[in-house]
Amino acid sequence: MSGLRIAVVGCGVIGRIHADTIAALGPRASVVLAVDESAERAQALHERWTSSYTEALSAKDVDAVAICTPSGTHAELVAAALDAGKHVIVEKPLDVSMAAAQLVADAQARSDRTVAVVSQHRFDPASQVVHNAVATGSFGRMTSAVASVAWWRSQSYYDSGEWRGTWALDGGGALMNQSIHTVDLMVWLLGQPVEVFAATARLSHERIEVEDTAVATVRFASGALGLIHATTAAYPGISARLQVHGDRGSAIIENDQLTFFHAAGDEAGSDYGTVGTGNQAGDVLPAAPVLPGSAGLLSQTHVAQYDDFLDAVRDQRPPLVGVAEATTTLAVILAVYESADTGQPVKIG
């Protein structure tokens, strides 16, 4: 396969990250076109640009599109690209409703093109190590997890774009926008979610429709239980943290770094365990430098996901994070909102 020729659709902050990521891929891919309603934003990203998505999809030298527009626009853009014969990599979330996710699934079913949904933290070394431990049974039976994202977003952040903090285009607040990656990792590690019970609130922001704080419990098909805590009202912003626990081991990932790991192996252990000692994290994954971009914009893991996308296109295989995987994570988040609205548990699947 020659280098994949990609049009970046949506030339804001996330579009620039995609363009920079593609540039880092060397000969494997290149940006050949920028697409945005704003000529200024598009021209700043690439010398060749258009405001017409239809024109971009009709371009013979565009093999794929990277969709970086507001969340509530994703599904229709993905479906149109698939119907035009283009491969797609789309920013999280897949969209903001299950109907929209189904629109993408239907388009993919009638296409032979590849769709990847950005969930770059599945590619973090820490996430890979923990997933391998879970998959190989090193942690025994998985029993619980805690996903907590305690971040801060100012009022000016929400005021900076008319789409921010709206149900139609943002799809939600602290949970859908900021915490989706940590929820995605919990789902990836614990398996199929089956029930959610939740509460949400808007406690620190004005002029937004969505929540800035959410809490939830999640029950998984295996019997494991999960806790979700998501907020953009935790000044000055603390961390994104995921704990996973089994009856033979545990791990903690904090700000994308593996801070605790213990797999019991053959050890007999005591009635009270090791009480926080016995950290094997440095043995299974030597400490890596903390990357810039604490808001989750980590270019190295974007590169890893793009590499997987390009391999999937070349090998005609599913990417690590495709439509089905993204739909499961979306279903959990939408169930949180439904449960918070009704005050009742919500079944998934």
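Search the whole structure for cavities of 30 Å³ or more and you find one. A cavity here is a set of points, on a 1 Å grid over the protein atoms alone, where a 1.4 Å probe fits but cannot get out. Before we look inside, a word on the model: it is predicted, so local features need pLDDT of at least 70 and side-chain atom pairs count only at pLDDT 80 or more, while totals for chains, interfaces and linings use all residues. Residues are numbered from 1 along each chain as its sequence is written, and side-chain values use heavy atoms, with hydrogens and water left out.

Back to the hole. The largest cavity holds about 70 Å³ of space, where a volume is the space filled by probe spheres set on the grid points, and points are joined across faces, edges and corners. Among the residues lining the largest cavity are K92, P93, L94, I180, D184 and L330; a lining residue has an atom within 4 Å of a point. The elements giving two or more residues to this lining are α9 and α12 (323-342). Such labels come from DSSP runs numbered from the N terminus: helices are H or I with at least four residues, strands are E with at least two. By class, the lining of the largest cavity has seven nonpolar, three polar and two charged residues. For that sorting, Ala, Val, Leu, Ile, Met, Phe, Trp, Tyr, Cys and Pro are nonpolar, Asp, Glu, Lys and Arg are charged, and the others, Gly among them, are polar.

Two of those lining residues, K92 and P93, are joined by a cis peptide bond, with omega about -15 degrees. P93 sits in the loop between β5 (87-90) and α5. Another cis bond joins Y235 and P236, with omega about 5 degrees, and P236 belongs to the loop between β10 (225-231) and β11 (239-246). Then there's R207, which is not a glycine but has a positive phi of about 60 degrees; look for R207 in the loop between β8 (193-201) and β9 (213-220). Why point these out? Because most residues other than glycine have a negative phi, and most peptide bonds are trans.

Now for the open space. The largest pocket has a volume of about 1100 Å³. A pocket is an open set of points with protein on both sides within 12 Å along at least five of seven lines. Of the 41 residues lining the largest pocket, I14, C68, T69, P70 and W163 are the closest to its centre. Helices α1 (13-23), α4 (74-83) and α8 (174-178) are the elements that give two or more residues to this lining. Its classes are 17 nonpolar, 15 polar and nine charged.

Next, the helices. Two packed helices are described by the angle between their axes and the distance between the axes. Axes are lines fitted to C-alpha atoms, for helices over the stretch in contact, and angles run from 0 to 180 degrees between N-to-C directions. Start with α4, one of the helices lining the pocket. The axes of α4 and α5 come within 9 Å and cross at roughly 5 degrees, which makes α4 roughly parallel to α5 (under 35 degrees counts as roughly parallel, over 145 as roughly antiparallel, 65 to 115 as roughly perpendicular and the rest as oblique). Contact means heavy atoms within 4.5 Å, and residues of α4 including V78, A79 and L82 meet α5 residues including L103, V104 and A107. This contact has eight nonpolar, one polar and two charged residues.

Among the residues making the contact are M98 and V104 of α5 and L330 and L334 of α12. Eight of the contact residues are nonpolar, two polar and none charged.

Finally, D83 and R110 meet through their side chains in a salt bridge (2.9 Å, N to O). D83 is in helix α4 and R110 in the loop between α5 (98-109) and β6 (115-117), 27 residues apart. A salt bridge is a side-chain nitrogen of Lys or Arg within 4 Å of a carboxyl oxygen of Asp or Glu, and by this rule the count comes to 17.
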